Amino acid sequence: MVDNSLEKKYNKLIIAVSIVVPLVVAILFGVKLKDFGFDVEPLSFLPPIYATTNGFTAVLLVAAVIAIKNGNRKLHERLMTTAITLSVAFLVMYVAYHMTADSTKFGGEGTIKYVYFFILITHIVLSIAIIPMVLITYVRALSKNFDKHKKIARITFPIWLYVAVTGVVVYLMISPYYVH
């Protein structure tokens, strides 16, 4: 049975989270703990961990689609919940790293520089756009509104997969320029 009240209940929260998360990340990205007198070492071990987290998220997304296509709704649900959890973990690590370290400049030249910035910009823009999409898709599943869930999931999945994969690609492209 479809529970539209659950979806309506979460709409304002989805809107709030979709606005607040990118704003907070943007603000915290510019905050350096050292500027506030905290003597912290850069958390330079985090980028390969959060890039790996993005990679695992991509694998889970594909596995979740395979699970649902094979009729295994429970596995699909667990995989998607884990993918959301990993995405939140990524975000926490990403912000923590950038609060303790200066941004790394991409050192590539020529065409590769344009490729890098294209991937980076599309990754950032779509990572903001995917927040409400994931939340709406998830709430529609929780409310058992599977027709509407399936409809938006067909759009959410490839965008989220792109964001997860390009997160890894961006890391691999910039990692030679990290200062250790």
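Predicted model: local features only at pLDDT ≥ 70, side-chain atom pairs only at ≥ 80, totals over all residues.
Visitor: Which residues touch the most other members in the largest nonpolar core?
Guide: They are L46, Y50, Y97, Y116, V170, M173 and Y178, and the core has 16 residues.

Visitor: What does V170 touch, leaving out residues up to four places away in sequence?
Guide: V170 touches Y116, I119 and L120.

Visitor: Which residues does the second, separate core include?
Guide: That core has eleven residues, among them A64, A67, I130 and W160.

Visitor: Let us turn to T57. Where does T57 lie?
Guide: T57 is part of helix 2.

Visitor: Is T57 buried or exposed?
Guide: T57 has a relative accessible area of 1%. Buried means under 20%, and T57 is therefore classed as buried.

Visitor: What is T57 in contact with, leaving aside neighbours within four places in sequence?
Guide: The contacts of T57 are A83, L86, S87, W160 and A164. One of these, W160, is also included in the second core.

Visitor: Now to charges. How many salt bridges does a search of the whole structure find?
Guide: The search finds three.

Visitor: What does R140 form a salt bridge with?
Guide: The partner of R140 is E7, and their closest N and O atoms are 2.9 Å apart. This pair links distant parts of the chain, since R140 is in helix 4 and E7 is in helix 1, 133 residues apart.

Visitor: Are R140 and E7 buried or exposed?
Guide: Both R140 and E7 are buried. For E7, the relative accessible area is 8%.

Visitor: Which side chain does K148 meet in a salt bridge?
Guide: K148 meets E7, with an N to O distance of 3.8 Å. K148 is partly exposed, at a relative accessible area of 35%.

Visitor: Which residues are linked in a network of salt bridges?
Guide: The network links E7, R140 and K148.

Visitor: What about E77; which side chain does it meet in a salt bridge?
Guide: E77 pairs with K74, at 3.7 Å from N to O. Both residues lie in helix 3, three residues apart, which is about one turn of the helix.

Visitor: One more topic, the surface. Which residues make the nonpolar patch?
Guide: The patch consists of I15, I19, V20, L23, V24 and I27, and covers about 550 Å².

Visitor: Where is I27 found?
Guide: I27 is found in helix 1, which spans residues 4-30.

Visitor: And is I27 buried or exposed?
Guide: I27 has a relative accessible area of 57%. Exposed means over 50%, so I27 is classed as exposed.

Notes. Residues numbered from 1 in each chain as written. Heavy atoms only, no water. Core = buried A, V, L, I, M, F, W, Y, C linked by side-chain atoms within 4.5 Å. Buried < 20%, exposed > 50% of the residue type's maximum accessible area, 1.4 Å probe, protein only. Contact = heavy atoms within 4.5 Å. Patch = residues over 30% accessible without salt bridge, like charges linked within 9 Å, V, L, I, M, F, W, Y side chains within 5 Å. Areas by Shrake-Rupley, 256 points an atom, 1.4 Å probe, with all protein chains shown as cover. Salt bridge = Lys/Arg side-chain N within 4 Å of Asp/Glu carboxyl O. Helix = DSSP H or I, 4+ residues; strand = E, 2+ residues; numbered from the N terminus.
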